[in-house]
Amino acid sequence: MGDVVRPWWALLPLRLFLGVTFTYAGLSKLWNPGYLDGSSPSSVQQQILALQHQSPIGFLLGWSAHAPTLVGVLIAVGELSVGLATLAGLLVRIAAAGGFALATTFFLTVSWHTHPYFYGSDIVFMAAWTVPLLLGSWGGPSLDAFIARHAAADADPDRRRLVLGAGAVGGMALLTGAAAAVAAAAAHGRRASSAAPGPSSPSPAPTKTHRSQRQQPTQPSGRVIAQAAQVAPGSAVSFTDNSGTPALLVHETSGEFRAFSAVCTHAGCLVGYQSGDFFCPCHGGRYSGLTGAVIAGPPPTPLQQVQVSVSNGEVFLT
Ligand code: FES
C-alpha cells in the first residue's frame with residue numbers, strides 16, 4: 001500500500017485559527033493600557049500575585065513577580081511571534097513548541113482550577129499545538145517550503161538554506177518588533193487620554209453633606225488604602241488586602257464605599273469593574289457590584305467582601 005497523501009488545506013483552518021488567535025492575543029495584551037500597569041486589576045503583575053497561591057507552578061510565578069514587566073513583555077511578544085510564524089509557516093515545529101509551552105503555562109495557572117476541565121480553553125490549545133509539533137510542517141504555502149525549494153536548486157543547498165533561513169527569521173523579528181511597537185504606542189496613547197480630565201469625568205471632590213454623612217468622627221484602626229476624594233463615584237481602584245490578595249475598592253454612586261476580593265471564584269482570574277458590576281475576562285463571569293453575588297457565568301460562589309470604612313477623607317482597610 002502506498003502512503004496516504006494528506007491534502008495541505010485540511011490543516012489550513014487549524015493553522016489560521018492558531019496563527020490569528022496567538023497574534024491577536026499578543027497584540028491585545030500590548031495595546032491594553034493596564035497590562036503593564038501594576039496598579040491595574042488587569043495587569044500581568046496583579047494576575048501573577050492572584051494566581052501564585054493556587055497554581056502548581058506557583059513558585060515560578062513567585063520568581064516572575066520580581067520582574068513582572070519583563071515577564072509580561074515576554075509572554076505578549078512570545079504569543080505574537082508564535083502567531084506570525086504560524087501564519088507564515090516559518091520554523092513550524094519551533095513555533096508549535098512555543099505555542100504548546102505558552103498554552104501549558106496558561107493551563108497550569110489561569111485554567112488550573114477550571115471545572116470541568118473542558119471549560120478552559122488552554123487545554124484545547126495544548127492539544128491543538130501537538131498537531132504541528134508532531135507533523136513538523138503545515139504543508140501548502142509556507143516560508144519553510146519556499147526556503148527548501150530554493151535551497152534544493154542551489155549548488156550549495158546547506159549554505160543557501162542557512163542564508164535564506166536567517167533572512168526569514170530576521171524579517172519575522174522585524175515584523176514582530178514593529179507590530180509590538182505600534183500596539184505599545186497605541187496603549188500609551190490610550191493611557192494618556194484616559195488620564196486627562198474630560199467633561200464626562202465625575203468630580204471626585206466630596207461635598208460637605210457627603211463628608212458629614214459618610215465619614216466617621218473617629219479614626220478607625222487599619223491601613224489607609226485610598227483617599228476618598230480620589231475615587232470618583234461609579235469607579236473602582238485596586239489595592240491588596242492584608243494577605244497580599246488583589247482587591248477592588250468601589251465608590252458607589254450612592255456615596256458608599258465597598259470592597260471585594262478581585263480574584264474570580266471560578267478559576268482565579270482577576271475581575272474588573274465596569275458599569276456597576278464586576279466582570280471576569282477569562283470565562284465571562286459576572287458579579288453584582290453591590291453584593292459580589294454571581295449574576296452570570298461559571299463562578300460557583302460570590303466574591304469575598306473586604307471590610308473598609310471611611311474617616312476624615314481616607315478609606316481604611318479594617
Ligand atoms: S476565571 Fe472563569 S469566570 Fe473567572
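**Salt bridges**

Guide: In this predicted model, a salt bridge joins the side chains of Glu-79 and Lys-29, at 3.0 Å from N to O.

Visitor: Which helices do Glu-79 and Lys-29 lie in?

Guide: Glu-79 belongs to helix 4 (residues 68–88) and Lys-29 to helix 1 (residues 12–30), so the pair ties together parts that are 50 residues apart in sequence.

Visitor: And Glu-79, buried or exposed?

Guide: Glu-79 counts as buried, because its relative accessibility is 3% and the cut-off for buried is under 20%.

Visitor: What about Lys-29?

Guide: Lys-29 has 21% relative accessibility, so it counts as partly exposed.

Visitor: How many salt bridges does the structure hold?

Guide: Five. Among them is one between the side chains of Glu-252 and Arg-258, with an N to O distance of 3.1 Å.

Visitor: What is the relative accessible area of Glu-252?

Guide: For Glu-252 the value is 7%, so this residue is buried. Arg-258, at 25%, is partly exposed.

Visitor: Switching to another pair. Which residue forms a salt bridge with Asp-277?

Guide: Arg-286 does, and the closest N and O atoms of that pair are 3.8 Å apart.

Visitor: Why does 3.8 Å count?

Guide: The closest N and O atoms of Asp-277 and Arg-286 are 3.8 Å apart, and the pair counts because the cut-off is within 4 Å.

Visitor: How accessible is Arg-286?

Guide: Arg-286 has a relative accessible area of 27%, which means it is partly exposed.

Methods. Residues are numbered from 1 along each chain as its sequence is written. This is a predicted model: local features need pLDDT of at least 70, side-chain atom pairs count only at pLDDT 80 or more; totals for chains, interfaces and linings use all residues. Side-chain values use heavy atoms; hydrogens and water are left out. Helices (H or I, at least four residues) and strands (E, at least two) are DSSP runs, numbered from the N terminus. Buried means under 20% relative accessible area, exposed over 50%, partly exposed in between (1.4 Å probe, protein chains only).
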